[in-house]
Amino acid sequence: MSVSEIAPEMPVPTQAGSGSEALSGSEVRRVLLVWDAPNLDMGLGAILGGRPTAAYRPRFDALGRWLLARTAEISVASKGRIEAEATVFTNIAPGTADVVRPWVEALRNVGFAVFAKPKIDEDSDVDADMLAHIAARQRDGGLAGIMVASADGQAFREPLEAIAAKGIPAQVLGFREHASWAVTSDTLGFVDLEDIPGVFREPLPRVSLESLPDEGAWLQPFRPLSALLTSRPGQGVA
């Protein structure tokens, strides 16, 4: 179910996504996971050729356990207290609140904070809000690690590389077909979501230009053709 420059600061959750007691920035650093739901839904839909069924929807409990294990690894080599914070950023289209509500409540029950934003127009994406939250966490006492989960992650390349340049572990979580820049990066780590144990119940039916079957395969569009009617000028394909 789904649904460059730092933007102005957005409201920040008072507790870490791990569900622990709120602490001031001077007492704790965070290993922050930021999940870009709209972009990942698009990337997953492209792999599946349509909306995911239950077997192909990400399991956030498995993702949360992976984040906690990663935080424990980082804590071993770090001084001071470190906590995990898991966040999901999503858009809510008009008339879909009742449909999306169970998914949002399930995320919160697992321990993820959710930032939900109305989907009003093409400019109502959550990239700026994600960047603002990352910047706020840096100001609040620092990051011990950062993971951005996004199908391609291009919007976060420069901020993540700047964070990595400070010696902070920075990773992109996504799909290798859509994030080749991160796969080959010398400064950022890359984790394919399907390589995280338990995130998907069934293997994804993945097809890439590098692994085409002999009989060929369809590569589905990332967005409907009708989106051209509302897209901004200059977004064409050469």
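Predicted model: local features only at pLDDT ≥ 70, side-chain atom pairs only at ≥ 80, totals over all residues.

Me: What makes a stretch a helix or a strand, and how many has the protein?
Reply: Both are DSSP runs, numbered from the N terminus: helices are H or I with at least four residues, strands are E with at least two. The protein has six helices and six strands. Their order from the N terminus is β-α-α-β-α-β-α-β-α-β-α-β.

Me: How do you know that the span of α1 agrees with a helix?
Reply: The expected span is 1.5 Å times one less than the number of residues. Helix α1 has twelve residues, so it should span 16 Å; its end C-alpha atoms are 16 Å apart, which agrees.

Me: What does the same test give for α4?
Reply: Helix α4 (residues 127–139) has 13 residues. The expected value is 18 Å, and α4 reaches 19 Å from first C-alpha to last, which is close.

Me: Why are residues such as Leu40 of α1 called buried?
Reply: Buried means under 20% relative accessible area (exposed is over 50%, partly exposed in between; 1.4 Å probe, protein chains only). In the protein, 42% of the 238 residues are buried.

Me: What follows α1, and what follows α4?
Reply: Gly49 follows α1, with a positive phi near 80°. Gly141 follows α4, with a positive phi near 140°.

Me: What makes a space a cavity, and what volume has the largest cavity?
Reply: On a 1 Å grid over the protein atoms alone, a cavity is a set of points where a 1.4 Å probe fits but cannot get out. The largest cavity holds about 40 Å³, counted as the space filled by probe spheres set on the points, which are joined across faces, edges and corners.

Me: How do you know that Trp35 lines the largest cavity?
Reply: A lining residue has an atom within 4 Å of a point. Trp35 is in the lining, with Leu40, Asp41, Leu44, Pro58, Phe175 and Leu193. Helix α1 (residues 37–48) gives the most, three residues.

Technical notes
Residues numbered from 1 in each chain as written. Heavy atoms only, no water. 1 Å grid on protein atoms, 1.4 Å probe; cavity = no way out; pocket = protein on both sides within 12 Å on 5 of 7 lines; lining within 4 Å.
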